[in-house]
Amino acid sequence: MSEKAIPIFPCRSIEASWEFYRALGFEQTSWQTRPNPYLGVRRGDLELHFFGWRKHDPAASMNMCYVTTTAVDDLYDAFRGGLKKSLGRVPTRGLPRISAVRDMTYGVRQFLLSDPDGLQLRIGQPISDDLEHAPIPTEPVAKALHMAALLGGDSKGDHRAAARILDHLLNSDEPLTPSERLRALVLRADAAVHMEDWARARTLLTDARSVSVEDPSAQVDDLRRLADLEDALPA
């Protein structure tokens, strides 16, 4: 005996949804235009279905789906690459968009992907046997970076609050290691891009690019996000 659940979500256009998911490497499993538009897509064991509803408002969408994987970085690279090939850039704000991939405090490494209709896929891989939330750091720099990432991420989306924390940190006398400074600048630039503060974003990204880190491989998440944010700047 075997069971399988397939979530069904609204979309404004099955044609547009298919174009988006095809760019991510999905195959089409269902297609119906009449009497009711319907689309099914699948990538490996990940399967999603959609029904067409012209009145759907992506900005008001609260639709979410959590996806577990054993290869979150491979999936992130595939989705990021597919979006860049399809759109000419990696979308970091608005719809669609993809977040940075991060190690979370509850033992999961994850990223968030929002499609053109506001469906948010939370895609994660357990990296610890302990899935309880770790305590908030007490050391000032670690605490500021933690809170800024939490507030500025798609989970909260409070980019102004994240910006205030990071501005205070960057303007304080707290000593920052190169890796901490890079992370703070990238997080602050991410907030600036979301708020469309383009001049500030350019300055922050220039400062971030000038930071010399001893081991770039240990900062791959921040450096990858830095490149995506640079591409997001208007010409």
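Reader: Where is the place of E196?

Author: Happy to start there: E196 sits in the loop between α5 and α6. Please keep in mind that this is a predicted model, where local features need pLDDT of at least 70, side-chain atom pairs count only at pLDDT 80 or more, and totals for chains, interfaces and linings use all residues. Residues are numbered from 1 along each chain as its sequence is written, and side-chain values use heavy atoms, with hydrogens and water left out. Helices (H or I, at least four residues) and strands (E, at least two) are DSSP runs, numbered from the N terminus.

Reader: Why is E196 called partly exposed?

Author: Buried means under 20% relative accessible area, exposed means over 50%, and partly exposed is in between (1.4 Å probe, protein chains only). E196 has 45% relative accessibility, so it counts as partly exposed.

Reader: Which peptide bonds are cis, then?

Author: One runs from R34 to P35, with omega near 0°, and P35 lies in the loop between β2 (27–32) and β3. Another joins L95 and P96, with omega about -5°; P96 belongs to the loop between α2 and β6.

Reader: Why is C65 called buried?

Author: The relative accessible area of C65 is 17%, so this residue falls on the buried side of the cut-off. C65 is in strand β5 (residues 64–68).

Reader: Which residues does C65 touch?

Author: Leaving aside residues up to four places away in sequence, C65 touches P7, F9, L48, L119, Q120, L121 and R122. Contact here means heavy atoms within 4.5 Å. The C-alpha atoms of C65 and Q120 are separated by 6.4 Å, although the two residues are 55 apart along the chain.

Reader: What puts the buried residues of α2 on the same side?

Author: The buried residues of α2 are V72, L75, Y76, F79, R80, G82 and L83. They cover an arc of only 160° around the axis, which puts them on the same side of α2; the arc is that of the directions from the helix axis to the C-beta atoms. The face turned away from the buried side carries the exposed residues D74 and K85.

Reader: What do the buried residues of α4 pack against?

Author: They pack against α3 (140–152) and α5. The buried residues of α4 are H159, A161, A162, A163, L166, L169 and L170.

Reader: Which residues of α6 and α7 meet?

Author: W198, L205, A208 and R209 in α6 meet L226, A227, L229, E230 and A232 in α7. By class, this contact has seven nonpolar, no polar and two charged residues. Ala, Val, Leu, Ile, Met, Phe, Trp, Tyr, Cys and Pro count as nonpolar, Asp, Glu, Lys and Arg as charged, and the others, Gly among them, as polar.
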